Amino acid sequence: MYRFENVRFRDIINIDKLTISEHLVTSIVGPSGSGKTTFIRLLNKLISPDEGEIIYMGKPLMEWDSVELRRRVVMLPQQPAIYSGTVKDNLLKGLLYSEREPVSDDVLLKVLESVKLNKDLEDNAELLSGGEKQRLALGRVLLMEPDVLLLDEPSSALDDKTELMIIEEVVEYTRRNNKTLVMVTHSNRIAEDFSDRIIKISPDEPVQVREVSR
Amino acid sequence: MSNDIMNLQLWQIGAAYVFIALLLVIVRKRGIGREREILIASIRMTLQLVLVGYVLVYIFESTNPLMTILAIAVMEAFAIDNIFKRTQEKLTGRLKKIIAFSMVTGTLTSIFYFLFVVIRIYPWFNPQYFIPIAGMIIGNSMTGISLGVKGIAEGMRNKRALVESSLMLGATPARASREIVNSAFDSAILPTINSMVGMGIVSLPGMMTGQILSGTSPLIATKYQIAIMLGIVGSVALSVILFVILGYRTFFNQEDQLIHLDE
């Protein structure tokens with residue numbers, strides 16, 4: 001699905017060859033500061049490499065319209081933004097921004113249930129706790145039904161339970177709907193438990209790819 | 001009562017400098033230490049006004065439209081330079097170009113409309129109307145754009161994470177910056193709107209005061225003041241909206257990515 005060819009970004013990313021396969025869960029691991037977040041930001045073209053080429057679905061990223069690409073490859077950042085307004089406003093934001101039709105309240109309530117957020121659609125989103133905001137943001141991304149989901153490990157400010165819940169939910173969603181997931185994690189344990197393939201990156205060493213037998 | 005203005009003799013102006021002397025005495029006695037600035041400011045004010053007086057006499061006597069055009073060009077250039085200097089933000093070359101473009105396009109459109117459609121001056125370059133009215137319109141638009149620059153630059157800096165989050169949800173740069181653009185426009189036009197509210201009650205506007213002092217009937221002065229106020233509102237709105245809808249784009253590159261501040 002993705003192919004990296006001699007990709008350099010500043011002195012952070014240095015990857016000669018790498019592929020990321022469709023319909024799999026891929027974990028990106030590496031020591032802190034090794035460029036994990038930078039790596040996934042390259043995948044939805046929030047940034048572009050200084051050198052080399054990344055190919056998505058057979059077409060170089062430079063030829064993809066960035067906005068169009070980001071509507072298919074959606075990223076859930078470490079600290080997702082919560083917009084002022086209600087829980088419903090926030091859930092619908094992704095559909096609104098990607099210029100798609102809004103969905104009914106029933107669908108919204110189902111999503112809230114699937115991310116285990118026990119809140120009313122009319123509740124003020126800004127008053128939610130950190131963990132609840134993260135789950136709300138996840139719900140917002142799931143509603144967009146992206147082809148590829150990019151997940152930066154939930155902020156360390158969250159408790160382990162929430163973090164694990166988010167990851168479980170995303171992985172389950174990916175497998176159930178035959179989607180592709182690329183997630184960044186600092187935890188080898190999480191990578192082992194959930195992914196099909198683990199990519200270890202570091203600015204100084206070649207990337208290491210390992211298959212996990214499931 | 002004569003309708004002619006009373007000319008001031010040199011000694012009368014001299015007598016007015018007593019106010020500066022008074023200020024200097026206060027500052028000196030209290031040890032505030034601003035004597036130098038006060039002296040320089042008074043001298044600059046005097047010299048600049050004398051100079052501009054002679055320049056205006058010269059332009060008013062000339063029948064060459066180029067003189068008016070030149071005067072407007074100089075005013076625009078000073079106003080644009082002033083916006084660059086006033087802003088605390090680091091301005092990119094792209095943003096500077098947009099500031100200059102919005103300033104010139106917004107003000108000239110309003111000036112031409114005001115002079116040719118509303119007032120219908122004759123001849124078309126009549127400097128007696130052209131220069132003071134252009135001055136008011138350019139000056140107010142300059143303040144408006146300065147505020148707009150501040151609003152956009154601060155918004156893009158403080159709400160960077162929010163803008164980027166919106167990009168991640170598939171928003172176009174225009175959609176992702178809409179709130180910042182709207183709030184920058186709002187804060188840029190607010191002072192102009194507020195100035196309409198107090199007009200005539202809190203103070204008499206400068207142009208109206210000037211016309212009344214020079215013997216114009218207050219009713220005529222009022223009509224002019226209303227018209228120019230509307231012209232100013234139009235010009236501020238036009239130049240600021242041009243600036244904000246073009247200016248936000250300079251914070252993104254061609255790949256619809258946020259440009260890093262250190263680049």
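**Elements, sheets and interface**

Modeller: Chain B contains 11 helices and 0 strands, where helices (H or I, at least four residues) and strands (E, at least two) are DSSP runs numbered from the N terminus. This is a predicted model, in which local features need pLDDT of at least 70 and side-chain atom pairs count only at pLDDT 80 or more, while totals for chains, interfaces and linings use all residues. Residues are numbered from 1 along each chain as its sequence is written, chains are lettered from A and ligands numbered from 1 in the order in which they are written, and side-chain values use heavy atoms, with hydrogens and water left out.

Biologist: What is the order of the elements of chain B from the N terminus on?

Modeller: The elements of chain B run α-α-α-α-α-α-α-α-α-α-α, and the C-alpha atoms of chain B fill a box of roughly 70 × 55 × 35 Å along the principal axes.

Biologist: Why are strand 1 and strand 2 of chain A said to pair?

Modeller: Two strands pair if DSSP finds at least two bridges between them; 7 bridges join strand 1 (residues 2–9) of chain A to strand 2 of chain A, so these antiparallel strands count as paired. Within this pairing, Glu5(A) stands opposite Lys17(A). The two strands belong to an open sheet of 4 strands in chain A, with the order 2-1-4-5 and antiparallel pairing.

Biologist: What makes strand 2 and strand 5 of chain A edge strands?

Modeller: Strand 2 (13–20) and strand 5 (59–60) of chain A each pair on one side only. Helix 1 (residues 36–43) of chain A packs on this sheet, touching strand 1, strand 2 and strand 4 (51–56) of chain A, where contact means heavy atoms within 4.5 Å.

Biologist: How many strands form the sheet of chain A with mixed pairing?

Modeller: That open sheet has 6 strands in the order 6-7-8-3-9-10, and its edge strands are strand 6 (73–76) and strand 10 (208–211) of chain A. Strand 6 of chain A pairs with strand 7 (residues 148–151) of chain A in the parallel sense over 4 bridges, and Val74(A) stands opposite Leu149(A) there.

Biologist: How much area is buried between chain B and chain A?

Modeller: Buried area is the accessible area (1.4 Å probe) that two parts lose on being put together, summed over both, and for chain B and chain A the value is about 1,900 Å², of which carbon and sulfur atoms give 51%. Met168(B), Leu169(B) and Glu255(B) supply 37% of the area that chain B buries against chain A, more than any other three residues. In terms of contact, 16 residues of chain B meet 28 residues of chain A.

Technical notes: Axes fitted to C-alpha atoms, helices over the stretch in contact; angles between N-to-C directions.
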